[in-house]
Amino acid sequence: MQLLTTKMTKKSRNVLSYILLAILFISSFLFVRFNYGLYERPIAKVTDVRIQDSIENVDMYDNKDLLTTQELVAKVMNGEHKNEEIHLVNEFSSSGAFDQEYKVGNELFVMIEQPAKGQSELTGTIQDVKRDKYLLIVAWAFIFTLLLVGKKQGFFAIISLVVNAVLLSYALDFYLQTSGIHLLVICSISIILFTAISLLLVNGFNEKTYAAIIATLLGTFLSLLITYAVMWMTSEQGLRYEEIQFITRPYKLVFLAGLFIGSLGAVMDVAITMSSSIFGLYEKDINISNKALKKSGMEIGKDIMGTMTNILFFAYISGSIPMLILYFKNASPLGFTLSMNLSLELARALAGGIGIVITIPIGLYITLLFVNRKRARQ
Amino acid sequence: MNVLVLLGIILFLLMIVIGGKKGARSFFALFLNFVVVLLAVLFMNDPSLNPIVITVIACTIISCINLFYINEINIKTKTAFVSTLITIVILLVFIVVITEQAMIQGFGEEEIEELGIFSLYIGIDFVKLATAVIIMSTIGAITDAAIAISSPMYEAFCHHPNISRKDLFKFGISIGRDILGTSANTLFFAFFGSYLALLIWFKDLSYSIEEIVNSKIFSAEMITILCAGTGVTLIIPITAWISAFYFVKIRDKKVPQP
């Protein structure tokens, strides 16, 4: 009977969470559909498109492109001109590096020009696209896949991601408001928090997690130390900081902090893989010798080292592809293009790789320490 | 000496000391992957070739390197390979639609000032390039998850040769759930790290939430992160199903069921 009631409550709890999810889902879409009033910038929804003319463009490097001008009629969705019609002109290229073709239904941020006297037609210029809807679609696709496949673990993964993102945002606010504290100090504190939160959320409170947390922190700080030493020894030859975009702060610090945080996830992954598989072996056979554990641990480490370093490599390098092509198409020489666009990304990938590889023995020995402590207690 | 060379040497030495022969192979695979990406970029410079097709070919070669070269050719890596390709194709369809609708291709207004000396009308479709970038940034994580699931599934299959297809599939999913959190984390922190400069920029110039959410750069990066996360999740059921299907099929072939 008791079993039945617990089953029932579990089921009703499930139903409740499905309903909650559905409500969240629908209301979020309704929100981005009707949130025009919340925006200060005027938004216009395209209702009619007419192509004016197209001309072929050949630039000084013989790249051919098609430039098209289109006339748009749109309805203003908010502000003092709400529901009025506005006429806009857009020029777009077929490559679309900094422009795009607009279609009926697109929502655009516009700047409305005051109509001249005697002119009734409202005109303006296009500033940007309203993208919140698409962001929401992708976010929900992500949440649903994670929940469908991962169930409870998927839910915890989402929670840990959100908590980490909020934490990072607060840490940056804190850094920007108190200019006295070094960015790397703030990053170090955040990293300790990130590690503890993510690993505890994903794996729960147990010895495996504690071993992984210690191994992660040792691995990350050691790899940072190595990277810092290398940069100091080579006086940073070969790093092209010109390429860092969006810089409002000392670039070297921002680069190091980014490198620090960037490799953390991969190092955590290695640390938890090592500790949970070694603990798994120990739990299966309590009398297993340290030597056998060490050997199996090293084998596991060898297996994950290659693919883990590749994850970071691709995550970092791929973002540079459009910029590389822009450089090449503007007749920049190969060596210059690569060193300008890839030096920092490659440095990040290599430093992250060092962190991953170094965490394998660290994770192994820390876990052995925990295993032996458990042995002594029994 | 150059920072990159010295970091490369240290990584190489560490990989050999800790990983032995397999470590050396892993390092060489990293190098090969770099060459593949570079070649893909060079091919993308040709306006008559479709960047997405180039990316799919490059991803196929990369998964061959990651699965068959670092490990070896066996049933585990074969099923991981097939699952990777299927996941990439599914993910691709989703990403093509989203990048086209959300107009996140090319460069944002924050970047455009620095690019003043460049001609932007280069005749290469930046929408397709944006798709290529997102797919390429996940390929490492996807192959990693695929092999991380198919390999223990094979172990379980060897220990319990009479396991049913359904149970084997369930086992694969449970392995997947265990690695889900950490592989999502790996990607997220990698992206957080590389977008740190951007986040500080937004805060320093006190962008409002609505400006951040709708700006091309931020939405492009969020979409990349979320698509990458969806990719590493999607590979779990796909690998579990394909591995269960193949392993059981091979067993049934060997021992004809009465």
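Reply: What follows takes up chain B, then the contact with chain A, and then the barrel of chain A.

This is a predicted model, in which local features need pLDDT of at least 70 and side-chain atom pairs count only at pLDDT 80 or more, while totals for chains, interfaces and linings use all residues. Residues are numbered from 1 along each chain as its sequence is written, and chains are lettered from A and ligands numbered from 1 in the order in which they are written.

Of the 258 residues in chain B, 55% are buried (20 or more other C-beta atoms, placed from the backbone, within 10 Å of the residue's own; 12 or fewer make it exposed, and anything in between partly exposed). Among contacts in chain B between residues at least 6 apart in sequence, 79% join residues at least 24 apart, a contact being two C-beta atoms, placed from the backbone, within 7 Å.

The loop between helix 3 and helix 4 of chain B holds Met103(B). Met103(B) has a phi near 50°, a positive value in a residue other than glycine. Because 23 other C-beta atoms lie within 10 Å, Met103(B) is buried.

The largest nonpolar core has 192 residues, and those touching the most other members are Leu7(B), Leu11(B), Ala145(B), Leu187(B) and Ile223(B). Such a core joins buried Ala, Val, Leu, Ile, Met, Phe, Trp, Tyr and Cys residues through C-beta atoms within 7 Å. Beyond its neighbours within four places in sequence, Ala145(B) is in contact with Ile179(B), Ser183(B), Val232(B), Ile235(B) and Ile236(B).

The contact between the chains takes 97 residues from chain B and 107 residues from chain A. On the chain B side, helix 1 (3–44) gives the largest share, 21 residues. By class, this side of chain B has 58 nonpolar, 30 polar and nine charged residues.

From chain A, Ser318(A) reaches across to chain B: leaving out residues up to four places away in sequence, Ser318(A) touches Val133(B), Met136(B) and Ser137(B). Ser318(A) sits in the loop between helix 6 (290–317) and helix 7 (321–329) of chain A. Ser318(A) counts as buried because it has 23 C-beta neighbours inside 10 Å.

Chain A also contains a closed barrel of five strands, in the order 1-2-3-5-4 with mixed pairing. On average, neighbouring strands of this sheet are turned by 40° against each other, direction ignored. Two strands pair if DSSP finds at least two bridges between them. Strand 1 (residues 43–58) and strand 2 (residues 64–76) of chain A pair in the antiparallel sense over 13 bridges, and Val58(A) has Lys64(A) as its bridge partner in strand 2. Strand 3 (residues 85–93) and strand 5 (residues 122–129) of chain A pair in the parallel sense over two bridges, with Thr123(A) as the partner of His87(A). Strand 4 (residues 107–113) and strand 5 of chain A are antiparallel over six bridges, and Met111(A) is bridged to Thr125(A).

Leu108(A) belongs to strand 4 of chain A and is buried because it has 25 C-beta neighbours inside 10 Å. Not counting residues up to four places away in sequence, Leu108(A) touches residues including Ile43(A), Val46(A), Ala74(A) and Ile126(A).

Conventions. Helices (H or I, at least four residues) and strands (E, at least two) are DSSP runs, numbered from the N terminus. Axes are lines fitted to C-alpha atoms, for helices over the stretch in contact, and angles run from 0 to 180 degrees between N-to-C directions. Ala, Val, Leu, Ile, Met, Phe, Trp, Tyr, Cys and Pro count as nonpolar, Asp, Glu, Lys and Arg as charged, and the others, Gly among them, as polar.
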